[in-house]
Amino acid sequence: MDKLVKLRYWWFALSLLVIVPGLVSLAIFGLRLGIDFSGGALWDLQFVERAPGQLDTERIRAIFAAQGFEGALVQLTESQVDGRTVASAVVRTRSLSETDPESQRQQVLNALSAEYGRVNQQSLQTVGATVSAESTRSAVIAVIAACVVILIYLTLAFRRAPHPIRYGICAILAMIHDVLLVLGVASILGVAIGLEVDALFLTALLTVISFSVHDTIVVFDRIRENLINRRPTETFDDIVNHSIVQTLPRSVNTQLTTFFTLVALLLFGGESIRNLVLILLIGLVSGTYSSIFNASQLLVVWENREWNRWFRRSAPPGAEAPAA
Amino acid sequence: MRSRDIYSLIFILLIAGIALSIVFAPEGRWLFNRNVSIRLGLDLRGGTQVLLRAAEPVDRSVMQTAAGVIERRINALGVAESVVQLSGNDRIIVEIPGIDNPEQAIETLRGTGKLEFIDTKGEFLAPGTIVRTTGSPNPIALRPTATVTGTESITSTETISPTVPEGPIYESITDGKDLDLNSVQPPQISGQSLQNQFAVPFAFTGESARRLEQFTAANIQRPMCIVLDNQVFSCPVVQAALVGGRGEITTSTRQDAEQIYTQLKYGALPVPLQVESSRTVSASLGQGSVDASIVAGVVGLVTVALFMILFYRLPGVLATVALLLYTLISFALYQLIPVTLTLPGIAGFILSIGVAVDANVLIFARLKEELRRGRSLNASIDAAFVEAWPAIRDSSVATLITCTILFMFGNTFGVSLIKGFALTLGMGILLSLFTSMIVTRTFLHAVNPLPFAQNPWLYELKDAPGMRHVREAA
């Protein structure tokens with residue numbers, strides 16, 4: 001427990017171990033954008049007369065293609081109707097025609113019914129290009145606005161501590177840690193399980209940001225308090241370590257209660273918010289980790305100006321001087 | 001117990017009583033007959049939300065006319081709680097909850113209006129009556145599914161309603177598409193009689209013109225009804241044969257004339273509308289989401305309560321009571337304001353349960369520290385709240401900032417789902433400040449004088465020096 005600060009480079013390394021693969025995946029595969037941001041249509045269909053396993057993605061793709069929706073992405077699932085389990089499919093296509101969406105929809109449903117019997121359209125969402133472009137623009141603005149406002153707020157909140165900007169920047173760094181981690185994991189999950197980045201994903205991301213800052217503030221608040229009552233023998237490292245240990249039960253317990261509610265939502269809370277909850281869970285774990293193991297340790301690195309040491313370590317003394 | 005705490009306790013009980021009376025209000029009606037039933041969003045009750053955009057550049061005033069036409073048509077559908085809202089300069093947002101075939105309804109809404117003159121065989125029909133005509137024998141408003149408004153009535157209407165609309169079919173004399181819109185002119189004062197009369201000229205072309213001429217020639221001094229989208233507008237008396245399908249509708253007030261003019265001219269939408277985006281959810285999927293949310297909410301609440309009680313013992317029990325009160329007040333507020341609950345909204349609420357206990361966790365951690373240092377229970381309670389406050393305040397503000405930004409972000413049509421999440425989470429943060437800073441504190445002070453409360457075990461401590469004196473004295 002008294003090594004929380006001392007082992008800081010190990011904690012940083014652990015973070016990088018998760019973040020770097022995510023960033024690599026992000027660079028190679030990018031994010032799988034949902035129809036909110038890329039436009040398109042999402043059909044949630046229930047095949048009441050078919051049991052799970054009786055459907056064939058290729059056949060459904062072909063039916064959609066015959067109705068003018070080439071390249072449909074079909075994902076088979078199952079759902080409950082009157083206590084029976086029936087086959088369902090979530091199909092993503094390009095968006096419906098703006099002038100006559102209704103006949104397009106009817107044609108597809110008729111073609112599917114001809115093949116599979118009665119089809120229930122559970123939900124259908126179509127997003128035109130203008131709307132998705134607007135959503136993307138507002139999303140970018142929202143993320144930037146959130147970061148800026150939180151930085152201002154943190155600086156104000158810690159204005160009485162020495163070097164208030166440091167606290168703000170370290171909290172923001174911890175926040176960027178969480179954002180990068182969530183984006184990276186989302187990219188990996190996009191490849192692995194087809195997770196899509198939609199409006200709810202962004203909601204989860206911004207919530208993660210605020211919770212992460214929330215956790216960091218609690219730890220920083222203790223550091224501020226302990227600095228004021230500082231004993232002359234205590235080093236800055238000691239105070240930070242002491243503050244983390246003091247706030248540890250709280251950080252873990254809050255994490256646990258929120259964790260419980262999220263797991264309940266993940267297990268029972270319905271299909272359509274599952275991605276939201278999954279991202280919240282990942283982000284929350286990351287947020288707690290970064291506030292315990294990264295944010296305060298960064299303060300120590302700054303206080304000791306350890307970057308001077310990094311250069312010395314990587315380059316032997318004298319190497320920086322140009323050869324005569 | 002100090003008198004301040006007694007007042008707080010009375011205040012809390014009062015709030016709890018009011019919240020209870022709202023949540024369990026009979027038939028969803030509260031004081032002054034205010035509707036306080038729970039409002040469910042389209043994703044939970046089923047329905048459709050559509051963003052319509054003008055197909056060509058138009059003025060805002062034209063869009064206002066279009067929105068008016070759509071609103072009139074929706075009212076003719078008989079759907080409760082529908083929304084027609086102008087968005088920006090060239091868009092209309094339409095929300096229709098709880099009907100069976102919402103896509104078809106939307107098609108009807110954005111279709112061109114149908115103006116007909118019908119032969120009622122001498123009968124006067126009341127304005128607003130929905131009729132079947134030979135030109136449009138199956139109006140959507142008379143279809144059984146269109147009258148369904150809530151989930152409850154679906155089953156009942158399905159069993160009792162006939163599958164074919166009832167009522168006589170009136171013969172259409174003219175076809176709306178034969179109306180020559182250029183001939184429809186603003187009302188003019190018709191100066192033939194002494195008192196002022198106002199006239200709106202119109203003209204039909206083609207087959208409709210021929211039939212109108214024939215009909216009016218044979219039916220002078222008899223009524224002929226003007227029907228717009230299957231809804232009777234008025235039944236004027238034929239004064240003379242309309243030669244060439246050309247005529248005018250006279251009224252005694254300018255207001256009526258203006259209205260007729262607008263109906264004739266813009267009965268058809270003033271501009272074609274395109275479906276830019278839409279979201280449709282079936283009622284059964286919505287019901288499934290409601291059930292799932294209730295299970296998730298109860299499981300979340302019980303788990304958090306168990307955790308708090310097992311970990312913090314007596315304060316945990318008090319915090320659990322405060323949490324129940326928090327849930328109760330949240331729903332009372334949702335129903336009173338009202339807040340329309342959506343799936344992300346419920347997720348925001350359930351998430352806020354976890355956040356709501358956070359303040360308690362912070363306070364209890366401080367409480368244990370103070371007790372360990374040997375302070376009395378009473379002094380420890382006050383110290384814990386004072387010490388924990390800055391952290392609670394700062395962290396709440398950080399989350400509130402994010403909620404505000406999310407809420408503004410949710411104003412963009414494509415991501416409007418987010419609004420519900422931001423709203424319930426933000427409300428939860430504010431409300432949890434009340435339940436943790438006031439309710440839990442009052443409860444702690446309330447149990448403080450009770451002898452059994454002076455037991456370190458109840459606070460998950462081996463020893464609390466400050467309590468020893470109190471117990472020895474007892």
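## Packing of helices α10 and α11 in chain B

In this predicted model, helix α10(B) passes helix α11(B) in a right-handed crossing. Helix α10 of chain B covers residues 343–372 and helix α11 of chain B covers residues 377–409; their axes come within 8 Å and cross at roughly 135°. Because of that angle, α10(B) is oblique to α11(B).

On the α10(B) side, the contact is made by Ala359(B), Leu362(B), Ile363(B), Arg366(B), Leu367(B), Glu370(B) and Leu371(B). Helix α11(B) contributes Ser380(B), Ile381(B), Ala383(B), Ala384(B), Phe385(B), Glu387(B), Ala388(B), Ala391(B) and Ile392(B). By class, the residues of this contact comprise 12 nonpolar, one polar and three charged.

## The interface between chains A and B

Chain B and chain A each give 58 residues to the contact between them. On the chain B side, the elements that supply two or more residues are α4 (102–110), β15 (273–281), α8 (283–312), α10, α11 and α12 (417–447). The side of chain B that touches chain A holds 35 nonpolar, 17 polar and six charged residues.

Strand pairing also links the two chains. Strand β4 of chain A (residues 119–127) pairs with β15(B) in the antiparallel sense, over five bridges. Within this pairing, Val127(A) has Ser277(B) of β15(B) as its bridge partner.

## Domains of chain B

The domain assignment divides chain B into domain 1, formed by 3–35 + 282–473, and domain 2, formed by 47–278. Four residues from domain 1 and seven residues from domain 2 make the contact between these domains of chain B. On the side of domain 1 that touches domain 2, the residues are two nonpolar, two polar and no charged.

Strand β3 of chain A (residues 84–93) runs antiparallel to strand β1 of chain A (residues 40–47), and seven bridges join them. Leu42(A) stands opposite Arg92(A) of β3(A).

Strand β3(A) also pairs with strand β2 of chain A (residues 73–81), in the antiparallel sense and over nine bridges. Here the bridge partner of Glu78(A) is Ala87(A) in β3(A). Strands β2(A) and β3(A) form a hairpin with two residues between them. In the turn of this hairpin, Asp82(A) has a positive phi of about 50°.

Terms used
Residues numbered from 1 in each chain as written. Chains lettered and ligands numbered in written order. Predicted model: local features only at pLDDT ≥ 70, side-chain atom pairs only at ≥ 80, totals over all residues. Axes fitted to C-alpha atoms, helices over the stretch in contact; angles between N-to-C directions. Helix = DSSP H or I, 4+ residues; strand = E, 2+ residues; numbered from the N terminus. Parallel < 35°, antiparallel > 145°, perpendicular 65-115°, else oblique. Left-handed = near helix turned anticlockwise from the far one by under 90°. Contact = placed C-beta atoms within 7 Å. Nonpolar A, V, L, I, M, F, W, Y, C, P; charged D, E, K, R; others polar. Pairing = 2+ DSSP bridges. Domains from an automatic or database assignment.
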